[in-house]
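Dear colleague,

Please find below the structure that I am handing over to you, followed by an account of what was found in it.

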Amino acid sequence: MRLRLHLTALALAATSLSGHAQQGDGSRVAIATAIVKPDKVDATPARMAALKAPAGFTVSAFATGLKNIRIIAVAPNGTIYVSRRDQGDVLMLKDADSDGRADGPPVTVANRAGAHGLAVHDGKLYLATVKEVFVAPIRTDGTLGPLKLIIGDLPDSGQHPNRTLAFGPDGMLYISAGSTCNACNESNPENATLLRASPDGKQRSIFATGLRNTIGFDWHPRTGELWSMDHGIDFLGDDEQPEVINKLELGKQYGWPHVYGAGAIYPQSTPQGDISKEDWKAHSTPMVLGYTAHAAPMQMLFYRGTGFPAEYQGDAFVTMRGSWNRTTPSGYEIVRVRFANGQATAVESFVTGFLTDGGKTHIARPVGLAMANDGALLMADDANGVLYRVAYTGAGKATAMLPASPAAPMQQQAQRGDNVPLALVRPETAGDGKLRVQSPAFNANGAMMAKYSEYAEGVSPPLSWQAVAGAKSYAVIMEDPDAPNKPFVHWLAWNIPANVTSLPEGLQEQARLTAPEGVLQGRNTRGSMGYFGPKPPVGDPAHHYHFQVFALDIVLPPGWGADRDQLLQAIQGHVLSKGEVIGRYAQKQAPMK
């Protein structure tokens, strides 16, 4: 199918499905775009024989007839698991005789609607659907024990339902959660992110934001740093937006939906809170490298094995499922991302030929990618259902596997700000003035109503405090010292105007407020902006929530999204008075679903 379109600014807005009102900013954009969907043809032996790979490599069918196979996970003993989203199951395959072909037909080991993301960890298989994560023990024959639900409230999916999973070198479970749309302001802060969860699913936070649809990610085997490829925005023309290689770090924002690529401004969207796009750009981390627009990056892995020459070790491979929004189709391949000194330097084609007949047809949509125990790559095709094997048959293979990725970089990021005193007694807030703080919603050291918790409405409670002579602004820091990471930061707000001495219930959860005008909010421990209510483990004794208010002799420079330590550094030496009110909250039983 080939369709040529000319999008006006109005049509561009319609493609974005924005859930928030757009504001005029003078944009006038007309974009020529295309819908070109090569037809699927059978993966005949002759067509597979025409696949191209570097000298010394061969591409063959490990298994065929598997229908909509998507993500691949390989257990330490070599057992292969593949998910099938459309069939809603997980298949198991083996190669006991090491002949490069699956031993007999696959065995169905799990059934869940929308089965997609897979990860093997500590003798268990983890499985993600759109909204859930399940875990099951792997039996000695490779089949699974009963599936146990450990997460049941992942954000809604919309346009990007394909959750993927991977365990980091820090032992934590990372979960991709794509955007619900092409480009819009999300109402759920967990959309368009990478999430970080404990293996039991009981703790979860947002690791990085501004990621439209990051299916593939992995940790560099030598540096331990996290790298990914993100899907670019559609309908910007044949060559925009490039597919994006990012180095992901805790708390960073990667541009989407208002900024993309190396810092280009998306013309249609409007940031919330009267934030300008230039301001959004200043708070965004640009891509490290770009690749051909609309190629659709999928599963990603760093090569650690001994099945390829040593020069491939430490480089990454990514499947490109292929375009539908480009005049000349892109993707339909496996690419190699070259690294030097731990940094991505170039992207090049590795296995091609899945796009056939001059781009009019295709025999595969590459999705899953994993390394088999013999060092060969396995690639899942969700068009014709072929599980491909890419092996090196030449001389000069690597002699030793790369060790596991070092855990320190991820651990150090996660532990920043842990096991420190409450803000009120930190040196950065030194000051003699006492400030009376109260809430009409609860007594001092009294119980907070459920509606202020994340088990219910999760709205911020009303606060008030006495006016302080000479104050130019006020700041609020809410912390829970009873949480495991001591303290958990629930709320950061600053540049509250000097003439404002109270905050109403239910403030907006966004980086900048327009009521009260100009109040800025920061990143809480959950990883979102604004208030995040109490969410102590069910059955815990009541946790104590310290609402700390600081009167400052300055208005802080513009800059939203700071974390607690950045805010404390900014207010150091400017605290005139400070005070707090403490509320308690316990969740005695799990909420009804």
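Which residue in S31 stands opposite serine 60? Serine 60 faces arginine 389 there. This is a predicted model, in which local features need pLDDT of at least 70 and side-chain atom pairs count only at pLDDT 80 or more, while totals for chains, interfaces and linings use all residues. Residues are numbered from 1 along each chain as its sequence is written, and side-chain values use heavy atoms, with hydrogens and water left out.

**Two open sheets**

S4 and strand S31 (residues 387–392) pair in the antiparallel sense over 6 bridges. Strands here are DSSP runs of E with at least two residues, numbered from the N terminus, and two of them pair if DSSP finds at least two bridges between them. The pair belongs to an open sheet of 4 strands in the order S4-S31-S30-S29, with antiparallel pairing. Strand S4 (57–63) and strand S29 (366–371) stand at the edges with a single partner strand each, so one side of each has no neighbour in the sheet. On average, neighbouring strands of this sheet are turned by 25 degrees against each other, direction ignored; the axes are lines fitted to C-alpha atoms, and angles run from 0 to 180 degrees between N-to-C directions.

Another open sheet of 4 strands has the order S23-S24-S25-S26, and its pairing is antiparallel. Its edges are strand S23 (297–302) and strand S26 (343–351), each with a single partner strand. S23 pairs with strand S24 (residues 316–320) in the antiparallel sense over 4 bridges, and proline 297 has methionine 320 in S24 as its bridge partner.

**The disulfide**

A disulfide is a covalent bond between the sulfur atoms of two cysteines. With a limit of 2.5 Å between the sulfur atoms, the count comes to 1 disulfide. It joins cysteine 181 to cysteine 184, S to S 2.0 Å. The torsion about this S-S bond is about -90 degrees, so the disulfide is left-handed. Both cysteine 181 and cysteine 184 are buried (buried means under 20% relative accessible area, exposed over 50%, partly exposed in between, with a 1.4 Å probe and protein chains only).

**Aromatic rings**

The structure holds 25 aromatic pairs. Rings of Phe, Tyr and Trp (its six-membered ring) pair if their centres lie within 6.5 Å; planes under 30 degrees apart count as stacked, over 60 as edge-to-face and the rest as tilted. Phenylalanine 235 and tryptophan 324 form an edge-to-face pair, 5.5 Å centre to centre with 70 degrees between the planes. Phenylalanine 235 lies in the loop between strand S18 (226–230) and strand S19 (243–248), and tryptophan 324 in the loop between S24 and strand S25 (333–340), so the pair ties together parts that are 89 residues apart in sequence. Phenylalanine 235 counts as buried at 15% relative accessibility, whereas tryptophan 324 counts as partly exposed at 31%.

Ring pairs also link Phe57, Tyr303, Phe308, Tyr312, Phe317, Phe350 and Tyr392 into a cluster. The charged end of arginine 336 sits over the ring of tyrosine 312, 4.0 Å from its centre; the criterion is NZ of Lys or CZ of Arg within 6 Å of the ring centre and within 35 degrees of the ring normal.

**Leucine 154**

Leucine 154 is placed in the loop between strand S12 (148–151) and strand S13 (165–167). Leucine 154 is buried, with a relative accessible area of 1%.

Yours sincerely
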